[in-house]
Amino acid sequence: MQGYFVTGTDTDAGKTTVTAALSVLLGREGARPLVIKPVQTGCLKKGQSLLVPDVACVQSFGGEACALHCYEPPCSPHLAADLAGEKLCCQDLACEVREKALGRTVLVEGAGGLHVPLNESEDMLDLMQALSLPAVLVVANKLGCLNHARLSLEAMQARGLAVAGMVLIRTLPDTHYDAGCGAEAVQADEERILSDNVISLKRMGEALSVPLLADIPYLGDPFDREALLLSLQPAASVLQEKLDAQCSHEKERAEDLAFDREHLWHPYTSASKPLPVFMVRSVHDNKLVLDDGRELIDGMSSWWCAVHGYGNDRLKKAMQRQLAVMSHVMFGGITHRPAIELARRLIPLVPEGLDHLFYADSGSVSVEVALKMAVQYQISKGRPQRQKFLTPMGGYHGDTQGAMSVCDPVTGMHTLFNRLLPDHLFMERPSCRFDKPFDPASLDDARRFLKAYGDEIAAIILEPVVQGAGGMWFYHPDYLKGLYALCKERDILLIADEIATGFGRTGKLFACEWAGITPDICCLGKALTGGMMTGAVTMCTTNVAQGIGAADEEHGGGILMHGPTFMANPLFCAAALASIDELLASPWQERVLQIEARLKEGLSSLRSHTSVRDVRVLGAIGVVETAEPVNMRTLQAFFVEHGVWIRPFNHLIYLMPPFVTPLQDIDRLCVAVRSAVQEGCI
């Protein structure tokens, strides 16, 4: 879909008149535009039907127009819909607009200004973002218009919307003053103001890279159509050129993808034989919008972090406020309120006793810090020989060197580097499934390792209850509880890697809660910021922190030897604070339970399929384990064609959708997975 979204600085800015005239002028250029009014209020009763004034205006110019939702009361769309017993939804409106467009050039006209509400949580700006059309801002030339114009432009650009240009129009005659009372002097003053508005608006536009397309004088009542068309002709020519540029976008996309293929390295792919990639233009809610306009339901939460979906207003505003004050400052010798407030918020949420916090700049780095903490703790206790880590097979903790050393050395992603990495200890993967009775014998291998190497082990590190990228395996919480008890017997630390499981993904706020334990050290990341930016935290108990801090010079001097450049980045802290607030204010537990039920219902039938080894679901995680490795190239294309974004790997097709995903979209994700299996695309 190509075209423009015509909006105004306020309700009476003149956007309908401008839209009607542009529809005629672009039609003369060969564009055949269709004017679409998503919502029209203030319609007139005419027999059994409604007369839609904005549509009538366009038609009076000879243009083609339609309105999708029409209401009689002249009030805000959300109220008019409510009075009619209806509910407007941005995504539904956007779908209706696309269906009406049918490949046509469109001029979508908004209702009122940008922040006219469509429902209790969405406004016209949300609809503009969902449609992703470049905007034309109609500005009524009057006192105060510069303020309104700047606020409108900055609001649109803050949402990532392109603004094609502005049209300035006088909506009141020069002789609208009462006689007497110095009317002539007032009129002269206003004339100076309105003339200056043209100059100032042009200057403002240049600063914001938004051209002033036209300055339209007052054209009478009824207005002079030919004069209006003449005034707007240069603007229409510019807009037509931009439309032509939109048409050539396919060539640009191909060139961009070719450059990407030649120069950019994507995760876990070859530089010489890369897997295909799909260009994403924008994101919203639980959707990815491809550059060709297709929308994909996100089944990955952008690698498990975007639990609130995309474009969450609370998170964006928090980051905008912080960005205006302080985006970054070093944490060495300096502190700041966002870092303090985030720690205050986290400590009461995590398992009780994790009272000390170290800020890292990614999940992998938080694991590196955890490993250092464990080793320094053991050194401070006079046990410098305790340098090894014990961890289950099937684990994954990140791609940096220390984190790699405790990932599965056989089936993991880092076997090429085994000779480079420290030699640690790997016990059997927990054999007791989450959904089966606990077998105490599943801890036997851990006991064997602790008996044989207990004096060499600084800590056990594992992902609590859910092993993530190493196999998407869900094991019984009693295994974690038993392992915790074994660690306590020998003063071996337990490190819980909650980077993937933290903040509700498994149905508990933190996966350690399933076992009712507090690890000695805990790593948090991914959903911590709601996917807004990178950042992580390593937390530990007072015992660990004071143990390290009490060391003498011979044993490290009590200094934790780590300090990332972007440690406690204020923007990260602001995003994390807002993400936590958003999560706790939402019915996240109910949502996760509903997603879990829908995933079980949608995937369980695949258990009997010959190409499927297992199906398992826990919280907002659904896993289909295949008998043979999946064909990534084929399967990725299949899912995109089916309107979903699912990133499988190895033997696993898994789903980790944002918590805000509508249940019908969970169903569509499941349908796509079932279709892939049943049609033999794996």
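The model is predicted, so local features need pLDDT of at least 70 and side-chain atom pairs count only at pLDDT 80 or more, while totals for chains, interfaces and linings use all residues. Residues are numbered from 1 along each chain as its sequence is written, and side-chain values use heavy atoms, with hydrogens and water left out.

Colleague: How many residues of strand β8 are buried?

Modeller: Strands (E, at least two residues) and helices (H or I, at least four) are DSSP runs, numbered from the N terminus. Buried means under 20% relative accessible area, exposed over 50%, and partly exposed in between, with a 1.4 Å probe and protein chains only. Strand β8 spans residues 163–169 and is mostly covered, the buried count being seven of its seven residues.

Colleague: Which residue in β8 is the bridge partner of A135?

Modeller: Two strands pair if DSSP finds at least two bridges between them. Strand β7 (residues 135–140) runs parallel to β8, joined by six bridges. The partner of A135 in β8 is V163.

Colleague: Which residue in β9 is the bridge partner of L168?

Modeller: Strand β9 (residues 212–216) pairs with β8 in the parallel sense, over four bridges. In β9, L168 has as its bridge partner D215.

Colleague: How many residues apart in sequence are R98 and E295?

Modeller: A salt bridge is a side-chain nitrogen of Lys or Arg within 4 Å of a carboxyl oxygen of Asp or Glu. R98 and E295 meet this way at 3.6 Å, N to O. R98 lies in helix α4 and E295 in strand β12 (residues 295–298), so the pair ties together parts whose separation is 197 residues.

Colleague: In which loop is L420?

Modeller: L420 is exposed, with 52% relative accessibility. The place of L420 is the loop between α14 (401–405) and β15 (425–427).
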